[in-house]
Amino acid sequence: MKKITFKFFFMLIFLLVPMHVFAEGSLGNFSFDPSQVSHPYDMINSKGEVIKYEEYNNSNLQFNNEIPSVQGTGEISPVQIDSIIENHAYIDITPPPVIINDSNGPIISSRIVIDEDSRIKVENTKEFPYSAITYIEIKWPDGTGGSCTGTLIGKNKVLTNGHCVIDPKTKESIISAKVYPGVSNSVGLFGSYNVNDYAVAANWATTGSSSEDFAVLVLDVSKDNKQAGDVAGTLGIRQVNNLLNQNIDIYGYPGDLMQANGEISQFGMSGYITKEDASVAFYTIDTAPGQSGSALINTDNQIVGVHRGSFVINGNPMNGGPKMNSYMFNFVSKALE
């Protein structure tokens, strides 16, 4: 097992991610009535409206535990994104490591590249599935911002992390966000899309549980009236029970490498699921803040989970995130309607 790398200045690396373009304040002011929640996977949107899990659990049988991938048309409207911008305040939104049965006392480190960095730059993000991997800029009510990674799963839907839209401790939500599919060398090759709504699981909004740290974003059309999924393509989704020893890819937009290279580009790495429980998969694939929300992609280019962040399990550093179990699959299927 590789040893985790401790970096005091990690917080500063991710903070210099560009935040200059956002949707108008169509989001924010998130609130909901906890008494209306009866299941961890009840769906809550940006307006605080609750859709009960039992109401949609049996409504997605047509998907048969699998949603297919769709190639995009490749019609592109490139958008230049400035890589570094000054005079802005930024925050690292990555949750702290989760300590699980750690017999050696707390091991706290924000850096989640494990020993030698094995991530490789994606040279051609026009190709599928890289075209469907999105860079997400977000802005919080206090003016600070950050970035996440997401994956197009529908014409106007992106799968990412819950912590990319809601802070469960403060109950604050982002006030705006913009999505850029297939970014390479600070150019969004498939245009840009404002986020006008999102859906999160109730247990994330109330407790910040790792098992429900996912969200589905709803996008507007681009300035030339195109749907993101139509031009960039969408990845399929596969319901899973067991992922142990399966090979997966994780691609995204890591803040540390963007800062080091002075540009926004996509990086990724392959590896194996080395541990799992009923709702979370663990691996030693290298990631860093900015890659929050990256899809766990199987060898058939299907999404089988979402990367969340770092964990320490019995003293061993790992990365991990919620896997596409039946609960998460039903949630995502409902959000795609």
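**Salt bridges and ring pairs in a predicted model**

Colleague: Is lysine 323 buried or exposed?
Modeller: Lysine 323 counts as buried, at 2% relative accessibility. Buried means under 20% relative accessible area, exposed over 50%, and partly exposed in between, with a 1.4 Å probe and protein chains only.

Colleague: What kind of model is this?
Modeller: This is a predicted model, in which local features need pLDDT of at least 70 and side-chain atom pairs count only at pLDDT 80 or more, while totals for chains, interfaces and linings use all residues. Residues are numbered from 1 along each chain as its sequence is written, and side-chain values use heavy atoms, leaving out hydrogens and water.

Colleague: Which side chain does lysine 323 meet in a salt bridge?
Modeller: Its partner is glutamate 276, at 2.6 Å from N to O. Glutamate 276 is in strand 19 (residues 267-276) and lysine 323 in the loop between strand 24 (316-322) and helix 6 (326-335), 47 residues apart. Helices (H or I, at least four residues) and strands (E, at least two) are DSSP runs, numbered from the N terminus.

Colleague: How many salt bridges are there by this rule?
Modeller: The count comes to nine, the rule being a side-chain nitrogen of Lys or Arg within 4 Å of a carboxyl oxygen of Asp or Glu.

Colleague: What does arginine 308 pair with?
Modeller: Arginine 308 forms a salt bridge with aspartate 213 (3.0 Å, N to O). Arginine 308 lies in the loop between strands 22 and 23 and aspartate 213 in the loop between helix 3 and strand 16, so the pair ties together parts that are 95 residues apart in sequence. Both residues are buried.

Colleague: Changing topic, how many aromatic pairs are found?
Modeller: A search of the whole structure finds twelve. Rings of Phe, Tyr and Trp (its six-membered ring) pair if their centres lie within 6.5 Å; planes under 30 degrees apart count as stacked, over 60 as edge-to-face and the rest as tilted.

Colleague: Why is the pair of phenylalanine 30 and tyrosine 198 called tilted?
Modeller: The planes of the two rings lie at 40°, with the centres 6.4 Å apart, so the pair is tilted. Phenylalanine 30 and tyrosine 198 are 168 residues apart, and both are buried.

Colleague: What about phenylalanine 214 and phenylalanine 331?
Modeller: Phenylalanine 214 and phenylalanine 331 form an edge-to-face pair, 5.1 Å centre to centre with 80° between the planes. Phenylalanine 331 is in helix 6, 117 residues from phenylalanine 214. Both phenylalanine 214 and phenylalanine 331 are buried.

Colleague: Which residues do ring pairs link into a cluster?
Modeller: The cluster holds Tyr41, Tyr53, Tyr56, Phe214, Tyr327 and Phe331.
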